[in-house]
Amino acid sequence: MVCSALRRVARMRVYLVRKASSVSRGHQHQALGSRPAVSEFTVGGAPGGLVELLGKSYPLDDYSNLSRKVLSRVGRNLHNKQHHPLWLIKERVKEHFYKQYVGRFGTPLFSVYDDLSPVVTTWQNFDSLLIPADHPSRKKGDNYYLNRTHMLRAHTSAHQWDLLHAGLDAFLVVGDVYRRDQIDSQHYPVFHQLEAVRLFSKHELFAGIKDGESLQLFEQSSRSTHKQETHTMEAMKLVEFNLKQTLTRLVTHLFGDGLDIRWVDCYFPFTHPSFELEINFHGEWLEVLGCGVMEQQLVNSAGAQDKIGWAFGLGLERLAMILYDIPDIRLFWSEDERFLKQFCLSDINQKVKFQPLSKYPAVINDISFWLPSENYTENDFYDLVRTIGGDLVEKVDLIDKFEHPNKESI
């Protein structure tokens with residue numbers, strides 16, 4: 001057994017106090033300091049039981065680990081709430097794509113999907129994106145599972161395969177995503193992503209290129225750090241150029257002209273090569289989004305074997321916190337009008353900076369407890385703290401660990 005002492009910092013701010021909604025009728029959230037039963041903290045571990053979510057029922061099993069706190073956030077759809085800061089970011093990105101990329105008949109090239117259900121299968125969330133069965137991102141401790149086959153999506157990429165399979169070549173997906181995570185001002189178990197995908201046919205990619213008719217999308221070669229084994233170097237370079245040009249235009253639209261940007265090589269299971277885009281904002285380099293050339297195996301499996309494409313994903317909260325100077329991610333869930341009215345803008349591109357509503361000194365509590373030697377992750381404790389303390393808890397830090405030398409005597 002291990003003894004852990006964790007420091008919990010709670011800032012009592014008026015604008016964070018809200019009446020919590022519940023998934024089940026009649027359920028009342030317990031006040032801090034009361035002791036509800038363990039079953040009131042989580043929904044899971046009861047084979048034969050059911051959980052109802054968004055009008056559907058799902059059987060519980062040994063993988064079920066949803067917390068009441070997270071369930072109360074499902075269906076809130078902050079990205080669709082008019083004049084919410086996340087809605088403002090979504091609308092700015094959507095407006096930019098509608099204006100910049102127009103199809104042959106004058107209609108927007110990119111279609112937008114912002115109301116897809118956050119409940120997906122594990123196949124959609126992982127297997128469709130070529131994420132290996134032993135990949136750490138699948139861990140129960142990092143995700144919210146309804147059961148072994150269904151979960152709350154961990155990224156909007158979970159919808160890529162289905163939309164490609166439906167025949168779409170260019171689309172944006174916006175939605176809430178769910179991950180078990182630490183507690184601090186930058187992390188929350190629910191946040192929002194915007195995903196974009198674009199595919200190109202041979203004619204589309206090489207149009208306007210000298211001797212483009214002689215160029216090919218595919219070949220059989222070997223994979224390198226610069227390209228996939230099935231892509232020609234010409235096709236890969238053009239897709240990469242289009243992707244980086246698209247994203248440079250987007251961040252310039254959001255942050256203004258004269259922005260310093262840089263590309264950092266990285267790894268994602270569903271793109272290669274892959275990059276992160278960083279911007280120099282107020283003298284600090286900040287990572288804004290991840291992107292890359294889509295893995296051809298994914299594209300082929302969705303039925304678009306004759307096309308090649310790119311994808312990128314960004315976090316709406318991260319962008320909003322930078323653009324609007326919002327210091328704490330919990331604020332996005334506030335229902336206080338003093339917060340929300342600051343973003344009631346007549347023009348979605350209008351500049352605005354969040355003005356703090358009130359300041360209270362930190363209340364620091366140190367707690368210590370024995371931990372089981374097996375089947376425990378720190379995210380289990382974070383979920384418990386969030387369920388009991390709600391959004392009043394600002395930060396949880398591990399400040400010390402002690403392992404008794406004689407475990408058998410404990």
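Predicted model: local features only at pLDDT ≥ 70, side-chain atom pairs only at ≥ 80, totals over all residues.
What is the closest cysteine sulfur to that of Cys266, and how far away is it? The sulfur of Cys291 is the closest one, and it lies 7.1 Å away, which is too far for a bond. A disulfide is a covalent bond between the sulfur atoms of two cysteines. Because a pair of cysteine sulfur atoms must be within 2.5 Å to be counted, the separation of 7.1 Å between Cys291 and Cys266 rules this pair out. By this rule, the count of disulfides comes to zero.

| Residue | Relative accessibility | Class |
|---|---|---|
| Lys90 | 3% | buried |
| Asn143 | 2% | buried |

Lys90 belongs to helix H3, which covers residues 85-100. Is Lys90 buried or exposed? Its relative accessibility is 3%, so Lys90 counts as buried. Leaving aside residues up to four places away in sequence, Lys90 touches His79, Asn80, Asp114 and Val174.

Asn143, by contrast with a residue placed in a helix, is found in the loop between helix H4 (122-125) and strand E8 (150-152). With a relative accessibility of 2%, Asn143 counts as buried because the value is under 20%. A polar atom of the Asn143 side chain lies 2.8 Å from the backbone oxygen of Ser137.

Strand E14, made of residues 308-315, is mostly covered, with seven of its eight residues buried. Which strands are joined to E14 by bridges? Strand E10 (residues 190-200) is joined to E14 by eight bridges, and the two run antiparallel. Within this pairing, Glu195 stands opposite Gly313 in E14. Strand E13 (residues 284-294) is also antiparallel to E14, and five bridges join these two strands. Here Leu289 stands opposite Leu314 in E14.

Methods
Residues numbered from 1 in each chain as written. Heavy atoms only, no water. Helix = DSSP H or I, 4+ residues; strand = E, 2+ residues; numbered from the N terminus. Buried < 20%, exposed > 50% of the residue type's maximum accessible area, 1.4 Å probe, protein only. Contact = heavy atoms within 4.5 Å. Pairing = 2+ DSSP bridges. Polar contact = N/O pair within 3.5 Å; in protein donor to acceptor, adjacent residues only side chain to side chain.
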